[in-house]
Amino acid sequence: MRAIPGLDLREIPDPEICCGSAGIWNILNPGPAAALGDRKARDVLSTGASLLVTANPGCLMQIAAAATRAGASLRLAHTAQVLDASIRGVRPEVLS
């Protein structure tokens, strides 16, 4: 990821903390999962990044929902989308 032109990587505070998605855990435990998602979204938003990239589709959905609850706008992309865009010469700003 660091080799992709135009991509400014930012570390998320407490990266080891789960977003609350963890398979079906968020379905079986919606309250605690939402709390974890809210915390993770706050951490992501605190970086000032405009695009969250992760290889886990569950995390993308969980953090997107939490960001929406917080009234924030955050673009999301899977790692494969970012790598594909880089290979094709597409700037990260167009990913959503």
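A residue is classed as partly exposed when its relative accessible area falls between the buried limit of under 20% and the exposed limit of over 50%. The structure examined here is a predicted model. Side chains of opposite charge can pair when their charged atoms come close. With a salt bridge taken as a side-chain nitrogen of Lys or Arg within 4 Å of a carboxyl oxygen of Asp or Glu, the count in this model is five.

Asp8 is paired with Arg10 in a salt bridge, and their closest N and O atoms are 3.1 Å apart. Arg10 has a relative accessible area of 40% and is therefore partly exposed. Asp8, at 52%, is exposed.

A salt bridge also joins the side chains of Asp14 and Arg39, with an N to O distance of 3.4 Å. Asp14 belongs to the segment before α1 (25-28), whereas Arg39 is part of helix α2 (residues 30-46), so this pair ties together parts that are 25 residues apart in sequence. Both partners are partly exposed: the relative accessible area is 35% for Asp14 and 34% for Arg39.

Asp84 is partly exposed, with a relative accessibility of 36%. Arg88 has a relative accessible area of 53% and is exposed.

Key. Residues are numbered from 1 along each chain as its sequence is written. This is a predicted model: local features need pLDDT of at least 70, side-chain atom pairs count only at pLDDT 80 or more; totals for chains, interfaces and linings use all residues. Side-chain values use heavy atoms; hydrogens and water are left out. Buried means under 20% relative accessible area, exposed over 50%, partly exposed in between (1.4 Å probe, protein chains only). Helices (H or I, at least four residues) and strands (E, at least two) are DSSP runs, numbered from the N terminus.
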